[in-house]
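Subject: Structure for your review

Dear colleague,

Please find below the structure that I am handing over to you.

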Amino acid sequence: MSKGPTKDWRSTKPFTPSARRDLDSKDESKPPRMSRSRLQVATAYAPGALFTWEGGTGICLSVPLDHDRVKLDPISERQLFDGIEEMVNNWFSRALACRDDPPIDPRQCLDDCCLGLDGTPRIDRLNQFVTLRPSKVGYQPWPLIYRCSQCGRLTEYESMVDQAANPLPHECPDGHTSKWRQLDVVFAHWSGELEPLSPFRYDERNAQAGKIRQCRCGSTEFALRVRGSSFRQWKFQCLSPGCLETRDLTQKDPFTLGVFAQHKARGVEHEQVEANMLPVSYRASSVHYPQTGRFIKLSDDRVVKLLDASEFSSLIKEIARLHAFNVVDPSDDELQSAVGPAEWEAFAKTRKFAADMRAASLEPAAAALEKQLQEMLDAWRTAKLISQPKVDSPRLAANVQARGTWSRRFDPFRLTVEHAAFVSEHIDQNFARKLAVDLRTPDALLSTAAGDERTLAEYQRKLDQIFGVLGVERMVLVRNLPVLEYSFGFSRVSADPVYQRILNGRPILMPVRLKTYPPIEGGVRPVYVLEQENEAIYVRLRPERVLAWLSENQVPDLPDEASRIGARYLELAEDFGKDLKIYSSRDSQGEKRRRSLPNQVYTLLHSLAHQLIHAMADLSGIDRNGIGEHLFPADLAFVIYRKGMTPDLGNVSALWRNHWEAFLERAISPRQLRCGSGHLCDERGGACPACLMLADITCIAKNNLLARAVLKGGRPPMWEARNAPELVGFFKACDP
Ligand SMILES: [Zn+2]
Ligand SMILES: [Zn+2]
Ligand SMILES: [Zn+2]
Ligand SMILES: [Zn+2]
């Protein structure tokens, strides 16, 4: 971490020599730069954020720098932009639909650079964005408005050049020594704009003309009268002795005024409250909410290819392979009549050849020929000569077709394909290199039992006993899980696409604008990416135990065999929506939903993941918000991993070596399954910040589909009807 500027830039000798040189040359395009930890640069100091240096000397606005560009591999790049595109589309559709009247302009929902000419979201991956490592950002002093704490007088500058040319005076007009302080309250609007707390207002009829920089009396001198703790009691006051008129702390957002001016020309009227900015402390989190995402890196490009909407038939075949559905290819008759005689002959010959190879146990040759056959079928399908492959489950086929519009984060098809790649790349291929270790057969780094037959048998006996209660089939430590975190933009006033403003007791819904970071050289916008390899624990539950528990809880549509839970999950899945809002854990008035295999399995995995995260945080010294989770619901599996940007010191390995029993037992201990806030939390199914929840930014599902009751039994969560039967806990259902 580098030091801040050596001098305070607010007074008459404010600038470091280099900063002054910048000002003299009037080159404002190159702000001074600072280094912070990478995670901080990508979030707390991301462009558009306001911050002060540790000493509290002066508020600055973070601005992007063209620094440390990074070229991602094509698969990561695709995963990254798929994620951004999904977030942008989701944001847009929710903001645009927030109300019917007056109508919403697309520009009120999204930054111009994410909108096509037709007013729908459009991301130009290649030309608009550039990926940067967040090692440095620039900053500029902002806001440039100062108040004398002795007399309340205000001085505002239009730029740093203006301020350098006209330094703040040492004395106020009546002769006292001025005590200038930068105003630490700013105006913010959900359009993403910020303005200094200036007494001068925009000309509402022509915002482009700028602010009217004088009082009605002609004076340009104002003071800020600060009385009471509410901004409503604060006033600007004209300092002309014959006037002394006061005005409220109001400002209209120039961006919104511009949109409304165009609407007015089309006869659409808006309420003025829609343009009003809000005074907020620069420290308030509402000034800047960074938009971030994260994914586990994979190197098999089949994953991204399969999940492309155009790959319906390949995806359905892969899902069928993973979850043992039968796929019916077109009959020979259908093929023969659909394709030309030469093509049919080639196909039949290749098929015969492949069968011969298989009969002769020449596997690689057979596989290559079968791949050729598949390609021929795919080509005929693309040309619409033959029909799509038929799977023996119409529900599955319908869901694979529908998933294109589902929330990506909870798309079970995406997650099951990713799970297969995850297990192959990060577990199976890593066993030999000792980068993945099955915790039932630990290596010497993870347990003193390694290498000693008798100690190992005792270790396994204890482990199997706890796994029995936990319902765990397999637990694997992954030493180098590659995770990519990114941040590409921000919103203000609200972290959500819809902001509810209350005017005289009447709620008005406002669209919140998602902004990307401002452009750097060449007009491209930064996307900050953080790549890290950290330790992780992969957990898979025993299907038999999950099925027994589901059945005790009267969940409908269960499969006959435990091995079919994943298949049934995919058949019954529906769109969970962004952040699982339909299962909000806090909304008692919301629409009620029925217990289903997908929502119960998801809640079980999610609650268990949080239990283990809390246990891991307590015993390993990793901050609880520094642990991430990733769920693979159809595979009854999840992974929890350290997220830190600092080098991984092996806290998770150390946790296992020193405290593995305490770690697992904590997850099932009756004491840990109670909650200090008691009754109220139990009423909601059992999830509150005092027990199971994590910070909203840490949890992949905003703490929805999370309940202690699924583990220990008790009242079902709020989204179920009041008269729904009590939940039997997973740990209880499994008591011998
Ligand atoms: Zn003064
Ligand atoms: Zn006046
Ligand atoms: Zn609680
Ligand atoms: Zn969570």
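The model is predicted: local features need pLDDT of at least 70, side-chain atom pairs count only at pLDDT 80 or more, and totals for chains, interfaces and linings use all residues. Residues are numbered from 1 along each chain as its sequence is written, chains are lettered from A and ligands numbered from 1 in the order in which they are written, and side-chain values use heavy atoms, with hydrogens and water left out.

Zinc ion (ligand 4). His606 (NE2), His610 (NE2), Glu629 (OE) and Cys699 (SG) coordinate this ion at 1.8 to 2.2 Å. Donors are N, O and S atoms within 2.8 Å of the metal (3.2 Å for Na, K and Ca); water is not among the atoms, so sites may look incomplete. The arrangement is tetrahedral because the four donor atoms subtend angles of 96 to 121°; for four donors, that term requires all angles to lie between 85 and 135 degrees. Along the sequence, the spacing of the donor residues is H-x3-H-x18-E-x69-C. Since His610 lies in helix α17 (residues 597–620) and Glu629 in strand β26 (residues 627–632), the pair ties together parts that are 19 residues apart in sequence. Helices (H or I, at least four residues) and strands (E, at least two) are DSSP runs, numbered from the N terminus. Both His610 and Glu629 are buried, that is, under 20% relative accessible area with a 1.4 Å probe, protein chains only.

Zinc ion (ligand 3). Here the protein donors are Cys675 (SG), Cys681 (SG), Cys688 (SG) and Cys691 (SG), at 2.2 to 2.3 Å. This site is also tetrahedral, with angles of 100 to 115° among its four donor atoms, and the donors follow the spacing C-x5-C-x6-C-x2-C. Cys681 and Cys688 are buried.

Phe422. This residue is found in helix α13 and, at 1% relative accessibility, counts as buried. Leaving aside residues up to four places away in sequence, Phe422 touches Ile296, Leu298, Ile427, Leu481, Tyr538, Phe632 and Val639, where contact means heavy atoms within 4.5 Å.

Cavity. The lining of the largest cavity comprises Gln79, Asp82, Val303, Val304, Leu307, Arg408, Arg414 and Glu418. A cavity is a set of points, on a 1 Å grid over the protein atoms alone, where a 1.4 Å probe fits but cannot get out; lining residues have an atom within 4 Å of a point.

Yours sincerely

Methods. Tetrahedral: all angles 85-135°; square planar, octahedral: opposite > 155°, others 65-115°. Buried < 20%, exposed > 50% of the residue type's maximum accessible area, 1.4 Å probe, protein only. 1 Å grid on protein atoms, 1.4 Å probe; cavity = no way out; pocket = protein on both sides within 12 Å on 5 of 7 lines; lining within 4 Å.
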